[in-house]
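Welcome, and please open your viewer.

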Amino acid sequence: MEGNFRWAGVDTSTRAYAICVVDQFGVVIDEADLPARAADADAYLSSFSTDLMGIALETGTTSIHLSRALAAQGYPVAVYDAFKVHRFLQLRRNKTDSNDAKGLAEIARIGGAQLPQVYIKPVQLSVLRSKLVICDRLIKMRKVNEGAMMSLLHSFGVRGDGRVSSATSLRRIVGKMIRTAERAYDVPIRQLVAPLLSLSIHLRREERRFEKEIMEYATKDETCRRLMEIPGVGPITAVSFVTAIGDPSRFEKAVNVGAYLGLTPKIWRTGVYSRNRRISKLGSSLTRKHLHGAARQALDSRTASPLQTWARELAERTNRRRAIIALARKLAVVMLTIWKNGSRFDFSHRKT
């Protein structure tokens, strides 16, 4: 290779950036420790900009902003999966930021072709994705909080009557439980439960606010509207899938989306032995969960569809759990296909 070609690796953290630049032979040209500011990294790399063939970063919360900032300045930035990068960096005896930066520079120079790059979503898509993540966290926090509150009230021998479907019904049911417990025990039960009840109501309201914003986007977005025509796919699943994929053209074949979302089995093969293990669970666990829920709903729906027929036949041959996973994988393939070619789901089509 002729010319003064350079490759750079950047190890990011919340406080500093470790940067290493190597030549075509892997010889370190320069190293630097800079404050964690994109402008400082840009100023440093600008002296190599005409010769830089690639800049490698690994995935992480601190690398997303830097990769966007450098790409906006025209640098050839590539972001690689942190788990796979970690395997490469383990070849080095000592774990330091400078060694990690040098390892990333080596990946940019020779290893980039062997490691798949991570797709960095546009800012607006990242914001929408963050709403999904926050909504999911709010639901988990609410369930833990309400479970603790109900356990406390159960210890006083009271049970709730009715289904909790909103903040208003929660306040009514818990209030009745508190009054029942206070009649049986001469203790300030309301003072014990009040903080948990207030937190649960607040979490429910915030959860509902984010869900409303997500649903409004799904109803306005043409792609999401077409995806929601598929049995079992609602606004949350549609938006989750769109924000997880970002750009459908990244997939040459629609069938590859199943592996991308961790819905394909891992293969164990050696010598004459070969078997499929459980699904890999790579990719977005949140979108995988949404697809799993959509598959359950499609399988149990009263509205018949070719997907449901296929899944029920599979469940009879194997079991329900495997049928749901297979249907979730097929839903992902169908959704990507519809997204790419602009078509709509056909209930009369028998070959799915």
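Is Asp-136 buried or exposed? Select Asp-136 to begin: it is buried, with a relative accessible area of 12% (buried means under 20% relative accessible area, exposed over 50%, partly exposed in between, using a 1.4 Å probe and protein chains only). Before moving on, note that this is a predicted model, in which local features need pLDDT of at least 70 and side-chain atom pairs count only at pLDDT 80 or more, while totals for chains, interfaces and linings use all residues. Residues are numbered from 1 along each chain as its sequence is written, and side-chain values use heavy atoms, leaving out hydrogens and water.

The term stands for a side-chain nitrogen of Lys or Arg within 4 Å of a carboxyl oxygen of Asp or Glu. Lys-140 is partly exposed at 47%. Both residues sit in helix α5 (residues 123-154), four residues apart; helices (H or I, at least four residues) are DSSP runs, numbered from the N terminus.

Next, go to helix α4 (residues 97-111) and pick Glu-106 and Arg-109, three residues apart. Their side chains form a salt bridge at 3.1 Å, N to O. Glu-106 is buried at 10%, whereas Arg-109 is partly exposed at 23%.

Finally, select Lys-131, Glu-206, Arg-209 and Glu-213 together: salt bridges link them in a network. The whole structure holds 16 salt bridges.

Definitions and conventions: Helix = DSSP H or I, 4+ residues; strand = E, 2+ residues; numbered from the N terminus.
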